[in-house]
Amino acid sequence: MTHLLTNSPVLPVLILLSSALLGTVIAWRRPSLSWPFTISVVAVVTAISGYNLVRVLREGPIHYYQGNWAPPIGIEYVLDHLSAFVMLVVNTVALLVLFHARVVVKAETPGKELGYYGTALLMLCGFNGIIITGDLFNLYVFLEIGSLSLYGLIAVGERKAPIAAFRYLVMGTLAGCFYLLGIGFLYMKTGSLNMADTAAILPSMLGQPAVLVGLMFVFLGMGIKMALFPLHGWLPDAYTYAPSASSALIAPIGTKVGAYVLLRLVYFVFGITIIARTLPVAKVICWLAAAGIIYGSILAIAQRELKRMLAYSSIAQIGYVALGIGMANRWALTGAILHIMNHAFMKGCLFLTAANFRRKLGHSDISRFDWSIRKKMPWTMAAFSISALSMIGLPPMAGFFSKLFLAMGAVNGKHWIFLVVILFSSLLNAVYFFRVLEKAYLKPAGDAEAADGACARDEAVPSMLIPTLIMALLLIILGLLSTVIADGILAHIAPPGL
Amino acid sequence: MLRFLTGHYGYWFTLILLTIGLYGMIFKRNLVKKLIGMTIFQVSIIMFYLTCAAKFGGTVPVLIDDSGPAAVNPAAYINALPHTLMLTAIVVGVATTGVAFAIVITIYKRYKTLDEDVLLERMKKDHDAPAD
């Protein structure tokens, strides 16, 4: 047992990879077992990542050498405060969403449960690997494992889903190739693929064209993966047409992993000097992020379908994370990492409520919402309201605090325009969420039967309702704990030069 | 100048392949042709890695003469790592193509076409009459 625990950094990836294959076999022999198996595997992995975070807090960063080969030769897994934290967030969200998924998957993709859970586990394996690896090429492999599973999870959706998945596949592969090309240039120059090693060698060759070209390609690839404006083209259709369970799984953690990679590479591989002084990459990220925030929010206002509105809102929200990365100061970085967590829970909760609406009302058309929803599904509406308020950024919800940190970052770095963007976009958020809340709480129902108040309570089943409510509750708890998280965990993330 | 051109001709070919692939992915209207472009793009990156690992007069990285550490001269060997990396990249590429074909088949089954213009038209028709 102690032997197992010393190997805890590598366990999440190993368990997920092997159980993705095992799970498919189990599902094939006994379809009824596939969901319980998946949920228990993800629960174990979440527990291990919780243990990993505790271990990192107690012992400091852990460097795990695959097969005991030392870094420049072997592949290294780095479990530091950043990776342990993001990993726990990703796995917790996935656990809640997969718990919710049972009914939805059965209803929306009948007969395909067999492959669905296996693919979901494979996707999680890819994401966990991306987060923990300390090797540039290993990251590419995990990126492709995660992305390929993502395409599959999207493609099983409604009629138009394969087309959205195909477009995403072409864009995603392009992004992966750009990343590969970029690290090719870096490898040519440094002769190393280990992140820490590369970071140590790069400062001696700052201005060299090959390094800069490599940096640009890596940045472009990650920009597509995280749907940074204007590289977001694949996102709205993919999120809208995917099955509800998939969009709830992908929206909170899919683009976040891209943002995490950008953060990791910008701060821990290239270093502040190169991205802020040699090339104005940080500035470019900031401006694109600001444009994305405004663009995503305005288009979200224009949407009539809930899932599509949430998809555009995701483009805006990933902008906040990118803005935090680009502003390159302590406050903004803390805000960006906090927003990775907060947005994962907010968007997860919102997509879960969208799935509940689809299941019970048969649609998620905002124009058809009226106050019968409030009577039919009071708890789902409550969860929706909490996460909507958190998205807008009202204290004490979690969303307020990450925006506060970002705003403090903007003030500290004297980026006044970005401060205005953050505040203005909160206003836009308020517009598109209050539009839904207004319809659901105040708009009188059209048909006479509902107007009589005769519409019976028709809430989502407990297995769907409970995860939704836990997510909503977590938004309040995490909001109250955000200073604890910022001081206890995020303060230890110290990229060199910041 | 000529030296710059001929000295890097491997990279020029890679660049041309890269451009052809990108062109296919963006401008071709047929989904399978898009995939062909995508594959060319992936292969060009594999070629890029192999080109930068190439070396005149280098040999396979197997230690032939083990008369002490002095006999090990790194300049005499070709770096095997890029080749190994590209083996993995080839596998990734094949997997991507497989998933892509599965999706293309599903699209064809639902819409009976692979041409993007026709596809857009039929998608729009779906939108007007959302009967599944």
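Two residues are in contact if their C-beta atoms, placed from the backbone, lie within 7 Å. Keep that in mind, everyone, for chain B: among its contacts between residues at least 6 apart in sequence, 51% join residues at least 24 apart.

Some housekeeping. This is a predicted model, where local features need pLDDT of at least 70 and side-chain atom pairs count only at pLDDT 80 or more, while totals for chains, interfaces and linings use all residues. Residues are numbered from 1 along each chain as its sequence is written, with chains lettered from A and ligands numbered from 1 in the order in which they are written.

The model scores ipTM 0.90 and pTM 0.91. For chain B, the mean pLDDT (the predictor's confidence in each residue, from 0 to 100) is 83, and 89% of the residues reach 70 or more.

What is chain B built from? It has 5 helices and 0 strands; helices (H or I, at least four residues) and strands (E, at least two) are DSSP runs, numbered from the N terminus. Of its 132 residues, 21% count as buried. A residue is buried if 20 or more other C-beta atoms lie within 10 Å of its own, exposed if 12 or fewer, and partly exposed in between.

Over to chain A, and helix α20, residues 462–488. This helix bends by about 55 degrees at A:L481, the bend being the angle between axes fitted to the seven residues ending there and the seven starting there. Its buried residues include A:M464, A:I470, A:L474, A:L475 and A:L478. Their cover includes α4 (81–108), α14 (330–361), α16 (378–392) and α17 (398–412) of chain A.

Let's stay with A:L475. Leaving aside residues up to four places away in sequence, A:L475 touches A:F345, A:M346, A:C349, A:I386, A:S387, A:S390, A:M397 and A:A398. A:L475 is also among the residues with the most contacts inside the largest nonpolar core, together with A:I154, A:A165 and A:F345. That core has 211 residues; such a core is a set of buried Ala, Val, Leu, Ile, Met, Phe, Trp, Tyr and Cys residues joined through C-beta atoms within 7 Å. Its largest share, 20 residues, comes from helix α7 (residues 161–190) of chain A.

Finally, look at A:S426, in helix α18 (residues 416–442) of chain A. Why is A:S426 classed as partly exposed? Because it has 19 other C-beta atoms within 10 Å. Beyond residues up to four places away in sequence, A:S426 touches A:I392, A:G393 and A:K403.
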